[in-house]
Amino acid sequence: MPLELARLEYLIHRHFDGLLSGDERAELERMLLESSDARRRFWELARVNAVLRQWGQEEWGRKDGAQAHLRVLPPAPRAARIRTMHRPGEMPSTVNPWWPLAAAAAFVIGFFVWTSLPSQPVVMERGVAVLTQTSDVVWGQGSEGTRAGSVLAPGWLHVKSGVLQVEFSRGARVVLEGPADFCLTSDNSGELTRGRLSAVVPEPAHGFAVRTPEFTVVDHGTKFGCVVPAKGAPELHVFGGLVGMLPDGATKETRSLRANEAVRVDGDKIQAIPADPQAFIDEEELALRDRHGLHERLLAWQGFSRGFSQHRDLLAYLDFQPSGESARSLVNLAAHAPAGSGAAIVGCDWVEGRWPGKGALEFKRTDDRVRMNAPGNFASLTFLAWIRVDGLPNRINALISGENTERLGETQWYVYEDGSLGIGVRAAERGKPTQWWHVHSSPVFKGNTLGTWTFVATVFDRAANRLTHYVNGQAVSTTPIGIEQLLELGTMEIGNLGSHDGSAREVGNFEGRIDEVAVLSTALNAGEIRRIYEAGSPGEAKSPAVVAQAN
Amino acid sequence: MSSEESPQPDQVAHVQGLFVQHLPALRGFVLALVSDFSLVDDIVQETFLTVTAKAVEFERGTNFRAWAWTIARYKTLQILKKRPSLTSHFAEDVVEALCAHDASQDWKTEEMLQQLTKCVTELAPKARQAIDLRYMQAHRPPEIARAMGWTVDAVHVALSRARVFLRDCLNRNLAATA
């Protein structure tokens, strides 16, 4: 390739990657102005660039949201900073630089590392909408764990039953009734392959489009509803303003529908039918359902909570219900806990918890914490908490930690800077290469889970030689226990790293809200964790039988 | 726009339908001039609003593409002028020259997309990863560099080579099916 041509292509590529310097831009502009051949070559590459972007957007939308590799960038391997000592045979050293990737891929395996923790960048997902309300939603495969408040990346929402509302970034609001399969294809469009949907489209979202198997609806700023039945022809109902409908059939002629008009589209057959606003749930009705459902769930959880406090192995159980607005202590509700094990609040403000009317403490300042005594040495431990992570400002963002991090067996439970759930146990004295034993899940708290209420649990099960991290009732990692020490908490701190005398302390405060915490001196099993999550979940109503079982 | 404001709702719907049909090519056209993906979305959205507002001016049977492209070019220049701090775009005379060149071209986006879907499967794994991060996840090269543990230059080289490979693959396959 002639030098001049190679230079031209180099500059065009840099333009597409947003990397041109001022001088390079001027040089490229001169070439493009002077030569029509340069402009031809520019457009040739521009088409590849454009069709690649179209492919990327469609692929992104098409792939199921559950596929982790699409949802988040893999963290950068930083071999030089990972000083790990793996036990022979458990993690070959050749894997070292890539272990964050391996962990992300093998979600249920988990990983452990001795001593110093690596640092990884947290990369946010690209959101196109927010899930704003849910009412009795049962998710289908691939959408499990999606909660009100979640930021939604392009991809499918599979709903078995229930009703939800999605607010697109450009302003369109959609109420979706299950059973439904709805794909968010961009910040102003979606594809409905099954279910019932109603949309309100304010002016900034004009052009909001919904594709169905038979037609595409383009909105002019209005209210409309779409039904795609499992069997039979899809329908479009217009309740206000005007929409354009582009059938997929041979006619390809756009039709416009005004308020109170509706059609059923079956191939080339377009049949006028009466518009039926009663057939769709609107925003107001959903909001009413939501409030009613939340109140019922709060009552059910209160019943569960009373029963759970009687568990004989509870060391600490805090429900974060203040005795008054200025309450500065929390009662340990564990019925068999040693006397005098109440908790003192240091800093922290009272805020709303995971339901309206439920209390929570907000942890913001580096010194905010709750302190309580949990004396003893433990072969096994279970940590449970309902938390809302608002940010990950520190390397370790502590949920619970012992006060004296120098003591062997001292235990820390935390969210790591990459969003993984982690536990650390001091396994040797300071200075030894194996001084801390850490086990992390793969990253849990990322763009779409920040700011939403999440149930986290970690079970250190000595008898089964297994450490398991759980998120929203599901095990997310299981790792063999690699230490002999008994675990200690001593004076434990909630929402902060224990402060020890002597050398400067690492800042490790939690940033977010906590509204329920329990610590048990035994290992709960997966079924028990699942039932506690279900009884306490703000997003799903459960039958009284499920709650009674957990008791 | 409400139905009261528009005397010819059918015309608006017709024009919007055409817009949706031409959307991939129009987006690609803007993407050539502005490398920032989110700015491209803003320009396309603005273009849609203007196309809707001016729908009555469009004569059925005339070249929708040329009409919409003119509006998109105008919107691009307008937005770029509003944001002089942006470096990821061309001077006005260059945009005009490029648009004059492209105006007569028709983009067979559907066919290209079909062929591209095949061609990307032939990319080497690392090149494919860079392409996915750039075009699927919309990350900029410095972010991709951090994610892959590469330098920005290495990412640029990988993306450039991948695009040249894909251009050649597309040209071959499109010629074979023509």
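Start by selecting Cys348(A), which counts as buried because it has 22 C-beta neighbours inside 10 Å, and the cut-off for buried is 20 or more. Keep in mind as you go that this is a predicted model. Cys348(A) sits in the loop between E17 and strand E18 (349–352) of chain A. Check its backbone too: phi is near 60 degrees, a positive value in a residue other than glycine. Most residues other than glycine have a negative phi.

Next, step back to Val346(A), part of strand E17 (residues 343–346) of chain A. Val346(A) counts as partly exposed, because 15 C-beta neighbours lie inside 10 Å. Leaving aside residues up to four places away in sequence, Val346(A) touches Asp367(A), Asp368(A), Arg369(A) and Arg371(A).

Staying in chain A, go to Pro179(A) in strand E5 (residues 173–186).

Now show both chains. Here 59 residues of chain B are in contact with 52 residues of chain A. On the chain B side, H1(B) gives the largest share, 13 residues. By residue type, that side of chain B divides into 31 nonpolar, 19 polar and nine charged.

Last stop: Ala138(B), in the loop between H6 and H7 of chain B.

Note on methods: Residues numbered from 1 in each chain as written. Chains lettered and ligands numbered in written order. Predicted model: local features only at pLDDT ≥ 70, side-chain atom pairs only at ≥ 80, totals over all residues. Helix = DSSP H or I, 4+ residues; strand = E, 2+ residues; numbered from the N terminus. Buried ≥ 20, exposed ≤ 12 C-beta atoms within 10 Å, placed from the backbone. Contact = placed C-beta atoms within 7 Å. Nonpolar A, V, L, I, M, F, W, Y, C, P; charged D, E, K, R; others polar.
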